[in-house]
Amino acid sequence: MNAPRTTGSQLPPPMAVLLELTHRCPLQCPYCSNPLQMDQVKSELGTAEWKSVLDQAAKLGVLQVHFSGGEPTVRPDLAELIRHARAVGLYTNLITSGVAANKARFDEMVAAGLDHVQLSIQDSDAATAEKIGNYAGAQQKKLTFAKWVREAGLPLTLNAVVNRHNIDRVGEMIDLAVSLDAARVEIANVQYYGWALKNLAALMPRFDQFEASIATVAAARERLKGKIVIDYVVPDYYAKVPKACMNGWGQRFMNITPAGKVLPCHAAETIPNLQFDSVRDRPLAEIWAKSSAFEAFRGTDWMPELCKGCDQREIDWGGCRCQAMALTGSASEADPACGKSPFHAQLRGMAEAASHAAAPEFQYRRITPRVDQKSDAPEPVAG
Amino acid sequence: MTADATTGALDLESRPRLAPGVRLKYDEARSCWVVLAPERVLMPDETALEVLQRLDGKKTVDALVAELVTAYDADRGEILADVTELLNGLLEKRVLAL
């Protein structure tokens, strides 16, 4: 009865849209959120197409736009798109690795009205950071970029993805964020699908490492209260309750790929048989309201009995669909991160085994041509 | 100059303002006011909106409270307590700066 309506006028407008302007990126992080099969540069939406997306998003009620990728600053039209987004009233956030833009390009973005910057780091330790990103010299570029952001008076969030190689330095990463005058630091354990699932054994931290990181974060929050906001995203494999992935599928958020496909979450293409609409073929408002991919897991109707009978069903919304797909073979199962899932013990066992074995080499993220460029077939499930 | 938004720092002479990167705007699609901040959207209730709309970085907490006392014909002590709690909460979230 309380479930959001799947169609019609009751559906609330989306809060945010993330634009993957390109899949190109100088870094090759082995946990990249981009799909295994990435969009080629020739398929990317043009400036006018992205502007139309921004117009439609604002009209639909979107409040915030995240310019992401890949590395969004490799797009020469980024400042122009930021200016357009501001003109139509959107809050503009840049999610960047900080290694690709020079000062002049950054100044153009500031002049265009950029509101906020999220800068990724791979580690506080430069050597490990540059091994993870497979890019020598990245750390200094990032530190310089952070300085430009604060000199321009923009608020800075530092994003750090943690894994077995750097989780012991969570405290140093927080200190680095403070020294860069970031207002916020987001420390997120790797989410295991796509590239990260391929690299699970190379990335999974041990449980005792995770516990130590929790204590470090708690102490830092107390010490730095009012000075910096610390968000910590715990690893699903050691969790007891699932995350409310995307705050509910198709309820708050849209992700648009470089070629214009509109996804309920960035990893949604790992779920076979979902049909994604493109902004090239259909108006954004119609996609939000009616796209079959959005309707597939919106609300509670799709849920298995385990979720339907649970009092958390409208709090965690059954967790992550992509994780359920990757680990149980069905996107309609409860997220195995949930302690009530019959797959939970297996998930935990997998994490324990992988994290205590020697770490294999990274399989770095790379753009490889699609086997069939014209195919719209779903991506194969990784792992 | 970067203000240290330490919660203990708020007093009657403080001049709170929206932090850099935070905007208050009327949202036509939802017919309500929203606070747009890094990675978050807040929907202020009537009281919070009343306070946020009066903040300009020049007005002291003392002056703000005086305005509200006049506007609502209310007890100064009560207003001060409510305003202090609200402002401290927003400072901690880095929505406001001093």
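What percentage of the 98 residues of chain B count as buried? In this predicted model, the buried share of chain B is 37%, where buried means under 20% relative accessible area, exposed means over 50%, and partly exposed lies in between (1.4 Å probe, protein chains only). Residues are numbered from 1 along each chain as its sequence is written, and chains are lettered from A and ligands numbered from 1 in the order in which they are written. Because the model is predicted, local features need pLDDT of at least 70 and side-chain atom pairs count only at pLDDT 80 or more, while totals for chains, interfaces and linings use all residues; side-chain values use heavy atoms, with hydrogens and water left out.

Chain A contains 14 helices and nine strands, helices (H or I, at least four residues) and strands (E, at least two) being DSSP runs numbered from the N terminus. Its radius of gyration is 20 Å, close to the 21 Å that the globule rule gives for 383 residues, so chain A is as compact as a globular protein of that length. The radius is taken over C-alpha atoms, and the globule rule is 2.2 Å times the number of residues to the power 0.38. Along the principal axes, the C-alpha atoms of chain A fill a box of roughly 50 × 50 × 45 Å. Of the 383 residues in chain A, 57% are buried.

Chain B has three helices and five strands, which follow the pattern β-β-β-β-α-α-α-β along the sequence. The radius of gyration of chain B is 13 Å, in agreement with the value near 13 Å for a compact globule of 98 residues. The C-alpha atoms of chain B occupy a box of roughly 35 × 35 × 20 Å, taken along the principal axes.

Side chains of opposite charge can pair when their charged atoms come close. Over all chains, a search of the whole structure finds 25 salt bridges, each being a side-chain nitrogen of Lys or Arg within 4 Å of a carboxyl oxygen of Asp or Glu. In one of them, the side chains of A:Lys51 and A:Glu80 meet at 2.8 Å, N to O. This pair links distant parts of the chain, with A:Lys51 in helix α1 (residues 47-60) and A:Glu80 in helix α2 of chain A, 29 residues apart. A:Lys51 is partly exposed at 22% relative accessibility, and A:Glu80 is also partly exposed, at 36%.

A salt bridge of 2.9 Å, N to O, joins A:Glu186 and A:Arg184. In this pair A:Glu186 is buried, with a relative accessible area of 19%, and A:Arg184 counts as buried at 10%. The side chains of A:Glu352 and A:Arg348 form a salt bridge of 3.1 Å, N to O. Both residues lie in helix α14 (residues 344-356) of chain A, four residues apart, about one turn of the helix. A:Glu352 is partly exposed at 25%, as is A:Arg348 at 27%.

A cis peptide bond, with omega about 5°, joins A:Gly69 and A:Gly70; A:Gly70 is placed in the loop between β2 (64-68) and α2 (78-87) of chain A. In chain B, B:Glu39 has a phi near 60°, a positive value in a residue other than glycine. B:Glu39 belongs to the loop between β3 (32-37) and β4 (40-42) and is partly exposed, at 33% relative accessibility. For B:Asp73, also a residue other than glycine, phi is positive and near 50°. B:Asp73 occupies the loop between α2 (61-72) and α3 of chain B, where its relative accessibility of 73% counts as exposed.

On the surface of chain B, a patch of negative charge gathers B:Asp75, B:Glu78, B:Asp82 and B:Glu85. Patches are made of residues with over 30% relative accessible area and no salt bridge, like charges being joined within 9 Å and nonpolar side chains (Val, Leu, Ile, Met, Phe, Trp, Tyr) within 5 Å. B:Glu85 lies in helix α3 (residues 76-92) and is exposed, with a relative accessible area of 61%. B:Val69 is found in helix α2 of chain B and is partly exposed at 22%. B:Val69 and B:Glu85 are 16 residues apart in sequence and 16 Å apart in space, C-alpha to C-alpha.

Definitions and conventions:
Areas by Shrake-Rupley, 256 points an atom, 1.4 Å probe, with all protein chains shown as cover. Lys, Arg positive; Asp, Glu negative; His and termini not counted. Charge placed at Lys NZ, Arg CZ, Asp CG, Glu CD.
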